[in-house]
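Reader: Before I use this model, could you take me through its backbone geometry and its strand arrangement, with the reasoning behind each answer?

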Amino acid sequence: IAGAVVARERQGVGQHVDASLLGSQVVLQGLQLTGFMRDGTQTPSPQRRNPVFAYFRGCDGKSLTIGLLDPRWWPSLTKTLDRDDLTNDPRFVEQKDRLENRLELLAELDGAFSKRERDEWLRLLAEADVPSGPVHDYAGVASDPQILANGYITSLEHPSLGEVGVVGSPIRMSETPVKPRHTAPELGEHTEAILLDLGYTWDEIVGLKDCEAI
């Protein structure tokens with residue numbers, strides 16, 4: 001918003017500013033995502049502290065997440081999983097019970113979700129109006145059509161590595177677009193330019209090189 005105000009004052013244009021939760025989450029993991037796009041390193045999955053606001057794996061090894069903030073979704077979930085017996089299980093009736101017996105409930109839900117593929121569960125959960133969605137590893141994030149279409153991950157030409165993947169901006173500005181402009185500089189790439197801006201002469205710069213100060 002501040003950037004749009006500055007653009008209005010300097011260029012006399014108003015514009016639409018958009019920022020999404022999806023784009024923000026991509027950028028918050030920018031360091032890890034950039035590392036993955038360089039060497040394929042996938043960071044470990046986080047712990048699951050709330051059994052009804054957690055991720056689960058289908059029988060195909062792909063993961064999904066559920067988010068039951070409203071208690072009314074609990075019976076819908078158990079029915080979808082064909083585990084009606086869990087609905088009124090004394091260990092899991094209330095939200096506080098589900099939290100207190102987290103490990104037991106996670107084990108029950110893990111077993112239920114392991115019986116179908118991830119996308120089949122997502123279809124069934126959507127039909128039951130249970131909040132859910134796919135969980136990507138970094139490979140899935142880097143190739144997700146929605147993420148790519150919004151420019152949350154894009155590419156730049158690197159002088160020595162060629163085309164490399166980079167994390168974009170989560171902010172969309174209709175008149176003054178925001179996007180990555182260049183890759184990180186090589187070691188010492190701008191040393192000479194900076195020293196010239198600071199008033200050093202070429203002879204002085206050569207002297208600094210000769211004594212290995214730069």
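Author: Please keep in mind throughout that this is a predicted model. D82 is located in the loop between α4 (73-80) and α5 (95-100), and its phi is positive, at about 60°, although the residue is not a glycine.

Reader: Is D82 buried or exposed?

Author: The cut-off for exposed is a relative accessible area over 50%. Because the relative accessibility of D82 is 65%, this residue counts as exposed.

Reader: What is the phi of E212, and where is E212 placed?

Author: Most residues other than glycine have a negative phi. E212, which is placed in the segment after α11 (202-210), is exposed with a relative accessible area of 71%. This residue is not a glycine, yet its phi is positive, near 65°.

Reader: Which strands stand at the edges of the open sheet, and why does each have a side without a neighbour?

Author: The open sheet is formed by 3 strands with antiparallel pairing, in the order β2-β3-β4. Two of these have a single partner strand each, so one side of each is left without a neighbour in the sheet, and these edge strands are β2 (55-57) and β4 (132-135). From one strand to the next, the twist averages 35°.

Reader: Which residue of β4 stands opposite I66?

Author: Strand β3 (residues 63-66) runs antiparallel to β4 and is joined to it by 4 bridges. In β4, the residue opposite I66 is S132.

Reader: At what angle to β2 does helix α6 run?

Author: Helix α6 comprises residues 102-113 and lies across both β2 and β3. Relative to β2, the helix runs at about 45°.

Conventions:
Residues are numbered from 1 along each chain as its sequence is written. This is a predicted model: local features need pLDDT of at least 70, side-chain atom pairs count only at pLDDT 80 or more; totals for chains, interfaces and linings use all residues. Side-chain values use heavy atoms; hydrogens and water are left out. Helices (H or I, at least four residues) and strands (E, at least two) are DSSP runs, numbered from the N terminus. Buried means under 20% relative accessible area, exposed over 50%, partly exposed in between (1.4 Å probe, protein chains only). Two strands pair if DSSP finds at least two bridges between them. Axes are lines fitted to C-alpha atoms, for helices over the stretch in contact, and angles run from 0 to 180 degrees between N-to-C directions. Contact means heavy atoms within 4.5 Å.
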